[in-house]
Amino acid sequence: MSTKKSFPLLANNPDTIYLDSAATSQKPQSVLNAELEHYLNCNAPTGRSLYPMANAATEALNQAREEIARFIGAENTASVVFTSGTTMSTNTVAFAWARKNLKAGDKILTTIMEHHANIVPWQILSEDIGTILDFVHLDNNALLDLTEMENKLSVGDVKLVCVGHVSSVTATLNPVKKIIALAKKYGAKILVDGAQSTGHIPIDVNDLNPDFYACSGHKMLGPMGTGILFVHPDRFNEIGTMFTGGDMISKVTPTEPWFKPLPTKLEAGTQNVSGFIGLAEAARWLNNYPDGLIGVERYIKSLGTYAWQELAQIPNILLLGPGPGDSCSSSLVSFTFNHPACPNRKKIDDMILGEKLGEQNICVRSGIFCTEPLFSHQLNLKGATRASFHIYNTKEDIDQLVQAIQKIIN
Ligand code: PMP
């Protein structure tokens, strides 16, 4: 079912083929309406002033939090911290929780397929407090090597595991429920990076039971500058602060602050209220899609599977990832011609390919997608080109991509 007409940018630009949803998604009209409606009728500070419009704004933000809690399966709205995106969410775990609860010599185990947002904070933390960062690698099918993970966990010094739910390069769908249970078996806490899963597949943090789950609202049809950090109630008493200042404070003397409980403690300053109201509307939009998130997942998977099959027909193309099946979300396909087995590899450098597709109004991403360790230390490639899908894409979009690539390489 094509839903392009519900997305004003796509409806207004029918010649644009948007295949960059792994970076940020387009937004449906109802999300834009929700934001506009807030500005037209209810724009006032939240959680502070006591006049009716400010109370209404506070109530609207509370309702948005309740909607998001339901959307990710969180039982407690205090577990839902509003952030600007996955980067802010992972950094919050690093600097508000890990900095306070880990010590020199404690190991943090991440994976080589992670986005920089799930690597660099752990590198900085190592510099700051002496934690040790280690990596799990991939097997030949682009799947996480769970034997390596268990071997590393079984040593007993891993205090935190940081793993992506879906890879932004290979679309590998990691068995996070199994990984969460494994981390817990060996006494480690676990953060899941759900940037590429949330809004594409059903997420139930109550069932998965991670300590932290990070995601980007703007990749799940919500407004720019929105994200979520789920914090498990077992971590509430351990978590410190990230940014400090107004609103997150319950009392301040000239020498000492006292903080409000979660989620306010991690939401210092004036918030992106209209953004989170829009985000709640995005959650409603996805829930209202036929069969809800199961329907969304099924549709996106059908597109990704089709894209993989069609792209695979192009001579000398290298597709990255496990390919369609249970271990792949199929929400994106990355490919390159710049690999050793390609005869004219230099001619079709990924950046040039991305630019040339752009000239034909086909929006893809080329480069290393903020996952340099994966490219340099696992795939041994200089980069790739990525076509990524959301609910508004169609098989015709993919046909046009394939035809355009054929034209460029011939
Ligand atoms: N993690 C993954 C797996 C991602 O794909 C991205 C975005 N490309 C991020 C983290 C960062 O997300 P944000 O831009 O919302 O901070």
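**Close-up 1. Serine 154 sits in helix H6, residues 146–154.** This is a predicted model, as are the other views below. With 11 C-beta neighbours inside 10 Å, serine 154 counts as exposed, because the cut-off for exposed is 12 or fewer. Go back 144 residues along the chain and you reach leucine 10, whose C-alpha atom is separated from that of serine 154 by 50 Å.

**Close-up 2. Helices H2 and H9 meet in a right-handed crossing.** H2 covers residues 29–41 and H9 covers residues 273–288; their axes come within 8 Å and cross at roughly 145°. On the H2 side, the contact uses Ser30, Val31, Ala34, Glu35, His38 and Tyr39. Facing them from H9 are Val273, Ser274, Ile277, Gly278, Glu281, Ala282 and Trp285. Sort the residues of this H2–H9 contact by type and you get seven nonpolar, four polar and two charged.

**Close-up 3. Helix H3 runs from residue 52 to residue 72.** Its 21 residues reach 30 Å from the first C-alpha to the last, close to the 30 Å expected at 1.5 Å a residue. The buried residues of H3 are Ala57, Ala60, Leu61, Ala64, Arg65, Glu67, Ile68, Ala69, Phe71 and Ile72. What lies over them? The cover includes helices H2, H8 (205–208) and H9, along with strands S2 (80–83), S7 (212–216) and S8 (227–231).

**Close-up 4. Helices H10 and H13 pass each other with axes within 10 Å.** H10 is residues 292–311, H13 is residues 395–409, and the axes cross at roughly 20°. An angle under 35 degrees counts as roughly parallel, so that is how H10 lies relative to H13. The crossing of H10 with H13 is right-handed. H10 brings Leu303, Tyr306, Ala307, Glu310 and Leu311 to the contact, while H13 brings Lys395, Ile398 and Val402. By type, the residues of the H10–H13 contact come out as six nonpolar, no polar and two charged.

**Close-up 5. Aspartate 247 lies in the loop between S8 and strand S9 (249–252).** It has 16 C-beta neighbours inside 10 Å, so it counts as partly exposed. Which residues does aspartate 247 touch, leaving aside its neighbours within four places in sequence? The contacts are Gly47, Arg48, Thr264, Glu267, Ala268 and Gly269. Threonine 385 is 138 residues away along the chain, and its C-alpha atom is separated from that of aspartate 247 by 43 Å.

**Close-up 6. A cis peptide bond joins leucine 262 to proline 263.** Omega for this bond is near 5°. Proline 263 is in the loop between strand S10 (257–259) and H9.

**Close-up 7. Leucine 221 has a positive phi, near 75°, despite not being a glycine.** Look for leucine 221 in the loop between S7 and S8. Is leucine 221 buried or exposed? It is buried, because 28 other C-beta atoms lie within 10 Å and the cut-off is 20 or more.

**Close-up 8. Asparagine 380 is a residue other than glycine with a positive phi, near 55°.** Asparagine 380 belongs to the loop between helix H12 (372–379) and strand S15 (384–388). With 9 C-beta neighbours inside 10 Å, asparagine 380 counts as exposed.

Technical notes
Residues numbered from 1 in each chain as written. Predicted model: local features only at pLDDT ≥ 70, side-chain atom pairs only at ≥ 80, totals over all residues. Axes fitted to C-alpha atoms, helices over the stretch in contact; angles between N-to-C directions. Helix = DSSP H or I, 4+ residues; strand = E, 2+ residues; numbered from the N terminus. Left-handed = near helix turned anticlockwise from the far one by under 90°. Contact = placed C-beta atoms within 7 Å. Nonpolar A, V, L, I, M, F, W, Y, C, P; charged D, E, K, R; others polar. Expected span 1.5 Å × (residues − 1). Parallel < 35°, antiparallel > 145°, perpendicular 65-115°, else oblique.
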